[in-house]
Amino acid sequence: MRSRRFFIETWGCQMNELDSQRMAGQLMEQGLLPTRAVEEADILLLNSCSVRENAENKVFSRIGEYRDLKRDRPGMMIGLCGCVAQQVGQRALDRVPDLDFVLGPGRVGELRETLAARAAGRRLAHVGFPEEKHYEIDTIARDGEYKGMVTIIEGCNKKCTFCIVPTTRGPERSRPLATILEEVRHLVDYGFVEIELLGQTVNHWREPGGSEDFADLLDAVARTPGVRRLRFVTSYPRDFTPRMVEQIGLHPNIVPYLHLPVQSGSDSVLRRMARGYTIGGYLDLVDRLRATRPDLALSTDLIVGFPGETEGEFAETLALVERVRFAQIYAFKYSPRPGTAAPRLPDPVQPEIAGRRLQQIFAAQEGIQRSLNGDLVGRDLQVLVTGWGREAGTQTGRTSCNRVIHFSAGSPAPSLGELVDVRVAKALPHSLIGRLTNAPEASREPLSARFPILAESNR
Ligand code: SF4
């Protein structure tokens with residue numbers, strides 16, 4: 001008899017990726033198998049992201065495509081999950097009669113119950129952020145060979161005027177230290193070499209009802225035997241304390257890479273964004289981090305064309321980019337999100353002006369990246385092998401400072417998930433080319449038998 005299959009399409013950030021892994025685990029526990037072919041699916045989940053422009057329209061248009069598949073497969077169920085699900089709730093069920101259920105990000109652990117309700121004839125819009133949640137670490141279908149993601153804090157209490165996350169992911173909820181450490185040990189026992197701690201404001205983690213903060217958590221996770229690489233995302237600049245900076249200097253297994261979103265280089269724009277820090281404070285933090293960990297690579301998020309942004313304010317952002325010399329930036333033109341405060345601000349910036357500013361940022365950054373990557377030529381870097389290259393006999397990986405590197409595989413080639421040494425031979429603006437100089441002797445057992453690969457991601 002044919003096994004029932006599921007397909008999950010994931011949009012957006014690592015939090016959504018992990019939520020998809022949690023849902024996949026619940027389905028596999030019920031005997032379903034993952035498929036990469038959407039037309040084979042008996043259960044089809046769209047794990048949506050509302051950070052995208054016109055997110056709601058894009059999601060409904062994709063559901064429309066899936067409805068056509070359902071006509072040929074009458075028993076098929078379609079569920080809308082993720083941030084757009086939280087935003088639209090019951091409205092989605094009213095609008096699309098073929099949609100079987102809606103499951104918000106605060107309800108990911110309740111997929112089984114939602115499917116059971118549907119089988120009993122009820123179409124649920126299961127949204128909101130309940131206090132008690134199921135978080136079963138044993139039923140997360142981990143994706144890939146090397147990186148285990150661990151949510152430590154969900155939601156956000158900040159009110160940045162451009163951001164919809166506090167609405168779609170709810171108020172901040174920290175997970176207890178003991179359960180986080182249990183999950184980390186579980187991943188290490190299975191052979192994951194890299195642990196990534198996740199949260200919208202990851203460094204605002206606090207022990208529920210206790211006094212420990214993110215510095216204590218970093219220390220405890222970094223000391224866990226078997227954690228060979230530790231990263232975390234996303235840090236909020238204002239929440240970075242001196243103790244956290246100190247931890248980054250103390251533990252060599254904390255990678256020399258930090259994503260530290262600044263959003264703008266202008267204090268007046270930051271005030272309109274309600275970010276709660278100044279550029280002076282941000283630069284002071286950057287200097288302290290670099291003094292503690294001189295090899296630290298920084299990346300950031302930038303929004304250009306925020307309402308009221310003048311040429312002078314934009315020039316301050318360009319100056320910041322030149323001053324900090326980020327290893328990578330994620331820059332976007334401002335676009336309004338429903339239910340946020342920024343669209344009510346005066347003096348919107350014309351799209352063509354915002355577009356020109358974005359190009360200026362990219363041009364400045366390209367030169368910086370080329371130069372920073374050039375500085376790495378001749379150096380030996382520790383690389384996590386993440387895949388095979390397009391050319392025969394080549395592999396790709398990530399350096400500890402999060403750069404993509406392509407290198408000759410050697411013979412025998414290292415397994416995916418191994419840590420190897422690679423000498424950088426050539427630098428490109430967005431990647432490096434290198435040569436394997438040292439691979440481990442023992443080949444690593446693949447993890448994929450225990451953690452099957454998920455359906456296609458749409459990042
Ligand atoms: S800190 Fe600001 S930008 Fe980040 S999730 Fe919270 S509201 Fe959004």
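This is a predicted model: local features need pLDDT of at least 70, side-chain atom pairs count only at pLDDT 80 or more; totals for chains, interfaces and linings use all residues.
Residues are numbered from 1 along each chain as its sequence is written.

The chain is divided into domain 1 (5-126), domain 2 (137-374) and domain 3 (380-438), with bounds that come from an automatic or database domain assignment. Taken over C-alpha atoms, the centres of domain 1 and domain 2 are separated by 28 Å. Between these two domains, 18 residues of domain 1 are in contact with 16 residues of domain 2, where contact requires C-beta atoms, placed from the backbone, to lie within 7 Å. On the side of domain 1 that touches domain 2, the elements giving two or more residues are α1 (14-29) and α3 (82-88), helices being DSSP runs of H or I with at least four residues and strands runs of E with at least two, numbered from the N terminus. The largest share of that side, 11 residues, comes from α1.

Glu194 is found in strand β10 (residues 194-198). Glu194 is buried because 23 other C-beta atoms lie within 10 Å, the cut-off for buried being 20 or more such atoms, with C-beta atoms placed from the backbone. Leaving aside neighbours within four places in sequence, the contacts of Glu194 include Tyr146, Arg228 and Leu384.

The ligand, finally, is surrounded by Cys156, Lys158, Cys160, Cys163, Val165, Pro166, Gln200, Thr201 and Tyr236, each counted through a C-beta atom, placed from the backbone, within 6 Å.

Key:
A residue is buried if 20 or more other C-beta atoms lie within 10 Å of its own, exposed if 12 or fewer, and partly exposed in between; C-beta atoms are placed from the backbone.
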